[in-house]
Amino acid sequence: MCTECRKKFYITTPIYYPSSNLHIGHAYCTVATDTMARYKRLQGYDVCFLTGTDEHGQKIEDKAKEAGVTPQQFVDNIVLGEKGVLDLWKLMNISYDRFIRTTDDYHVEAIQKIFKMMYDKGDIYKGEYAGKYCKPCESFWTESQLVDGKCPDCGREVQDAKEEAYFFRLSKYADRVRDLLENTDFLEPKSRVNEMVNNFIKPGLNDLCVSRTSFTWGVPVDFDPGHVVYVWIDALFNYMTALGFQNQAKTGLEEFWPADVHFVGKEIVRFHSIIWPAMLMSLELPLPKKVYGHGWLNFNGEKMSKSRGNVVDPYILAERFGVDALRFFLLRTFPFGADGNFTNELLINTINIDLANTLGNLVSRTVAMNQKYFAGQLAVGGENGALDAEVKALAEDVIANYEKQMDAYQFSNALSEVFRLLDRANKYIDETTPWVLAKSEETMPRLLTVMKNLCECIRLAAILLTPFMPTSCEKILDLLNVPADARSFSARCYCADENATWNTTVGAPLFPRIDMEKELKELEELNKPKSPIEIEPYSQESVDFDTFCKSDFRAVKVLDCQNVKKSDKLLQFTLDDGTGTPRQILSGIAKFYKPEELIGKTLVAIVNLPPRKMMGRESCGMLISAIHTDNGEEKLNLLMIADEIPAGAKLG
């Protein structure tokens, strides 16, 4: 089929707020989206799968200040750094087609144009915001919307906020949005519709604050300096700017918009099902076909959260159990629209029962019997039996039900269908008793057909499971030596007959059984609190204030940094101290930092210490750092401050 004639499918995850503590809950929605994208590709669709990061806002600005870096450096480290967002998506085998960052130049340009378009239409106007603000959620609330005086989304404290702001006329579109929710399938599952209508629309939609003046880290409102575009517009329009809306950098708008589905967590359904369609209505743009609000992945009944101390590390789980097993567990165990409660026991049980016993055992037994009875070569021929028609009918029924459930985003139900086929195949072995058929030459033709039917059941199941476990299913199809053109949905029909041939290969067990008791003990050890951090004892010697004031602390910028030859401890810094003459300081921190990662940083130094010789080189001052021992390991962190502070600035 030519590219122009192929069916299109556009699916998105929400763009994630960059967090330095990514947990398995962050991966849940994206694994589901990836599974759907892979399913549609196997069906022959031209798929565009978008994910990304929402990088603007007051939280980012504040955290960057705390870390002593610029906001851009802060988000770059979390998105691009070790175990950052891109690393996690690579770990979880996420096959996204496009990745957007709201700090991308083309997106910033487009958001400025979009803001001005709604302003020119009269749907954005200037006013003053006065009310309650939840900083963690970056949400504005009225008194009536608070729950026990706290944020209704996260339950945290809110603060009074008052500032000049622009507002979007959300109230203007209340009736149209309500009609959209109540009389179409725009929002699913239906339980989310009731929440949105009863909790937000019926009480009355207030106009929405869409700019801020109390911080600067955001898309500037180009026609009114001092205002930055707030998250509602900046983040939501990523779904279109990534396709080239109001920019020349990207393409695909005509091919892929409107989106087929936005997968979002239930905590941001309000943004996507009320605010997002209202803004599209304002610009007279097509609405996405569907918003699907899934539940939370909880831990011991609570949403996973760093503040609650219950995050589950996906890197540890993937290393111990395998990425495919983890992906499978997330979508097999919990209905996608509802909350799910994660436990290590449930994870191990799912792997042992479904993957080790049902799937893995079926593959191992079938391949082993083929090797034993036919040297792995199943030739043309065979003899059908009474059970074969029933297995064929079941396989066809499984395919139909599987597609129905996948198209409804009911992943756990779709997997139940696949395991209906796998259970039947295991039962088929017991009913046909291949080990008995192998004892007589007369029953060898029947044995040949049984083996072919088992291979075909496994092939079909592996194709259906490929969106969930792409790497493992490829290994299964390799064990059966299935050709490339028989690995797609176009070749998914049940076709084992007397003319089929198979060539199987013995391989290592795909899913070894896990010792529950042993594994839980080891996981418990891994999750034990680390030994307390040890700090140097406090000095007992008092220093008077006048003596302290003689220490001259200055901001210095690193112009160059090099290892000192014949020393495994020293780094030599060339620093701009604001005097116009570079300053040289040597510091014994080579085991903690690489020279290249310090160039350009703004540090703090005492500059009025007398010069001293180190390895024959003069050191004029001392860099300030914090030293401690963590779990028996010595650690050091240089004191870094914001780059906006000029070289030579006096600190105190």
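Start by selecting Lys 40 and Tyr 45: the charged end of Lys 40 sits over the ring of Tyr 45, 4.5 Å from the ring centre. A charge sits over a ring here if NZ of Lys or CZ of Arg is within 6 Å of the ring centre and within 35 degrees of the ring normal. Before you move on, keep in mind that this is a predicted model, in which local features need pLDDT of at least 70 and side-chain atom pairs count only at pLDDT 80 or more, while totals for chains, interfaces and linings use all residues. Residues are numbered from 1 along each chain as its sequence is written, and side-chain values use heavy atoms, with hydrogens and water left out.

**Around Tyr 230**

Next, pick Arg 212, which lies over the face of Tyr 230 at 5.5 Å from the ring centre. Tyr 230 and Trp 232 form an edge-to-face aromatic pair, 5.7 Å centre to centre with 80 degrees between the planes. For such pairs, rings of Phe, Tyr and Trp (its six-membered ring) need centres within 6.5 Å; planes under 30 degrees apart count as stacked, over 60 as edge-to-face and the rest as tilted. Tyr 230 is buried, with a relative accessible area of 1%, and Trp 232 is buried at 3%. Buried means under 20% relative accessible area, exposed over 50% and partly exposed in between, with a 1.4 Å probe and protein chains only.

Strands (E, at least two residues) and helices (H or I, at least four) are DSSP runs, numbered from the N terminus. β10 and β11 (residues 228–229) pair over 2 bridges; two strands pair if DSSP finds at least two bridges between them. Select Pro 220 to find its bridge partner in β11, Val 228.

Another of them is Phe 329 with Phe 342, edge-to-face at 5.6 Å centre to centre and 85 degrees between the planes. This pair links distant parts of the chain, with Phe 329 in helix α13 and Phe 342 in strand β16 (residues 340–342), 13 residues apart. Phe 329 and Phe 342 are both buried.

**Helix α19**

Now select residues 470–479, helix α19, whose buried residues are Pro 470, Ser 472, Cys 473, Ile 476, Leu 477 and Leu 479. Show what covers them: the cover includes α1 (24–42), α13 (323–333), α14 (344–374), α18 (444–465) and β18 (502–503). Just after α19, look at Asn 481, which takes a positive phi of about 55 degrees.

**Cysteines**

How many disulfides are there? The count is 0, taking a disulfide as a pair of cysteine sulfur atoms within 2.5 Å. Cys 455 is in no disulfide, and its nearest cysteine sulfur, that of Cys 457, is 9.5 Å away. Cys 455 is buried at 0% relative accessibility, and Cys 151 is buried at 2%.

**Last stop: Thr 103**

Finish in the loop between β3 (98–101) and α5 (105–121), where you will find Thr 103. Thr 103 counts as buried because its relative accessibility is 14%. Leaving aside neighbours within four places in sequence, Thr 103 is in contact (heavy atoms within 4.5 Å) with Glu 55, His 56, Gln 72, Val 108 and Trp 217.
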